Amino acid sequence: MRQVIYYLLAGCLLVSAVCGASEIAAPKPADVRVVIDISGSMKKTDPNNLRKPAVDLIVRLLPDQSKAGLWTFGQSVNMLVPHRVVDAPWRTEGAAKANAINSVALFTNIGAALETAAADYATPSSDYRRNVILLTDGVVDISKEAVVNLNERKRILTELLPRLKSSDYRIHTIALSADADQELMKKLSIATDGIFEVAETADELMATFLRIFDQAVPAERVPLDENGFLVDSSIKEFTALIFRRAEVPATVIIAPDGKEYSATDPANNVNWYRTDKYDLITVQQPVAGQWKVKTEMAPGSRVTVVSNLQLVVQPLSSNIKRNQTMDLAYSFIANNETVTNSDFLSLLTGEVFITPADSLETKTRALTKPAAENGIFADNLDGFIAQGAYDIKVLIDGKTFKREFVHRVNVSDSAFQLERRIDQVGDKKTYVYKLSADLEVVDVATTKVIASIKNSRDNNLERELNAIEKSHWEFSFAPVETARYNISMQVSGKQLDGSPLSEVIALDDFFYPDEAAVTGAVSSAVSQAAESSSSSSEEAPVADEPPAAEEKSNLWLYIAIAVANLLVLALGFVAYRVIAGKGSRSELDEMEKTLNLSPEELKKAAAKEGSKDTQPVIDVANEAAAPIPMEDGTTMGDAPGMDLSMPDDLMADNLFPLDNMDDDSNKDKT
């Protein structure tokens, strides 16, 4: 009952948080600082200097009224294009300076590059959303002395990163080649809710830059497919980025009135920029209707718009954990006000498409939740069950217009590493778990870890663990009941950058001693309960009654039968509980003896009993790839976080001999 109330309250809070808001604010203009590695190693990783066209495209896509700057770095940091508001002259200068990118510098001073690009960190920015895009193929390298480089790397994580995070910078990182310090770059991005990307080759640079650009500079889109794209009367300008396949020499677009364009046409407000890979086409005051693209388009093509009718999506996180859901809220703004007209909102239909970056299999579903009176639609996104990147696309159809929103989210791995094993001697098993923290991320001094053990007989236990050597937590236990066990750890605390840390880590899900024994025990108990119910429900002979009284007594007869059946069910349940609990009662003495034994003592005790049939130790540290099926249809790896709270009277310490638990007996030992 408490859980039901909790979920109802949580649902109410979510609805009030999303739907209770008066409006979803339009996103702030982007502030983008692009930082490019020009160290000598780039001659090998980017021999054709594909950084130039990639940066050139980003410069051309930056919208008016955004802010941007461009730096290169090696041992020192050089400003190519000053950091200021973007306009036509800035783009012209940026495109020209992109050609100055080379590979001649010594060393790789990542810390200095970040500090220079974010030199204004102490000045709050309420009007812009700050982003740093860092591209490098190396590691922190400022000296020939390894210890100097290690100390600088540590300074970046423990001093510079918290400073940039507190100043609300999002650091997006691109690792070019396997030689880059991917762990450092991943930490910089995840801590600031930026995107971490790996470009395996220089040929992937442009697509990688575009994905990060979409994250740093979100723009409103209209859907583009083989039939072209729909321009409605509210659109004041569109920009089409059309990537061509290698064999296609040129691109042609066709307006709704049939007029074709293939180059700049000032008379019709068409501006055209062409390279050997793509066409960038901007049309102001376009004709409303269906536009067509007369070419074979390559992936990455898109159409962004400037419109009086704007789809506004509440900012989504760029980094989440496995099985975490994302709250989605969106609305439309017309003439700077949220649209609340029910006739308009009722026409809207929506779909969401979620695609793992390494897969072509897309999960699609309708967005069906109606808008509240304030015009805000609320829904949630799930299905993020594996680590890696996912592309999210939201498509809204208003019958006479369409809008599209895209977002990439990284499902990150945990800041903790789990090791587990089973020590087995004879029939005795000891389950051992070790949870190690990433000391470059986790503040162990403020971290609290609670171990939770649950079994199918409702004998449950949770205890706080002591940190060992300020780096990890361990515990072991030896099950004695025939049951299914579910083991987890609940972690809470802070990261070194000051952000909160909260995670439920699934450790194990297994049957003891095996599934057949557990299933057999349950079946036996149910069978015996059924036999007991059957024997108690035999009817006694009933004497014949005068026909005159038969009709009068039918109602009482039916009531008596119903009461008897209820009594039979109750007696059967009691019989089942007595039979099911019989085995655990008979083992209490043995479990109490092993309660405070260390793992070594448990091994010796088990060896004494199982010396005649000793089995090898089973190491399950790497068995995560073989998920264990659960009764609800999920697997061990898919099991959601559990509610670890329980009444004190359900604690059954004597059922789980444990080691390294934070109770009075073990505090003396530690």
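Buried means under 20% relative accessible area, exposed means over 50%, and partly exposed lies in between (1.4 Å probe, protein chains only). This is a predicted model, in which local features need pLDDT of at least 70 and side-chain atom pairs count only at pLDDT 80 or more, while totals for chains, interfaces and linings use all residues. Residues are numbered from 1 along each chain as its sequence is written, and side-chain values use heavy atoms, with hydrogens and water left out.

**The chain as a whole**

The protein chain has 670 residues, and 45% of them are buried. It holds 14 helices and 32 strands. Helices (H or I, at least four residues) and strands (E, at least two) are DSSP runs, numbered from the N terminus. Contact means heavy atoms within 4.5 Å. Take the contacts between residues at least 6 apart in sequence: 72% of them join residues at least 24 apart.

**Helix α7**

Helix α7 spans residues 182–191. Its buried residues are L184, M185, K187, L188, S189 and A191. They pack against α5 (110–117), β4, α6 (146–166), β5, β6 and β17. Just after α7 comes D193, with a positive phi of about 60 degrees.

Strands of a sheet pair through backbone hydrogen bonds, either parallel or antiparallel. Here, two strands pair if DSSP finds at least two bridges between them.

How many residues of β24 are buried? Eight of the 10 residues in this strand (402–411) are, so to speak, covered.

| β1 (30–37) and β2 | parallel | seven | D37 with F73 |

β23 and β24 form a hairpin with four residues between them. In its turn, K399 has a positive phi of about 70 degrees.

On a 1 Å grid over the protein atoms alone, a cavity is a set of points where a 1.4 Å probe fits but cannot get out; lining residues have an atom within 4 Å of a point. Grid points are joined across faces, edges and corners, and a volume is the space filled by probe spheres set on the points. The structure holds two cavities of 30 Å³ or more.

Which residues line the largest cavity? They are V34, V55, I58, V59, L62, A68, G69, L70 and W90. Two elements, α3 (51–61) and β2 (67–73), each give two or more residues to this lining. By class, the lining has eight nonpolar, one polar and no charged residues. Ala, Val, Leu, Ile, Met, Phe, Trp, Tyr, Cys and Pro count as nonpolar, Asp, Glu, Lys and Arg as charged, and the others, Gly among them, as polar.

**A buried loop residue**

T295 is found in the loop between β14 (289–294) and β15 (302–307). T295 is buried, with a relative accessible area of 19%. Leaving aside neighbours within four places in sequence, T295 is in contact with I242, R244, V248, A250 and T251.

Terms used:
On a 1 Å grid over the protein atoms alone, a cavity is a set of points where a 1.4 Å probe fits but cannot get out, and a pocket is an open set with protein on both sides within 12 Å along at least five of seven lines; lining residues have an atom within 4 Å of a point.
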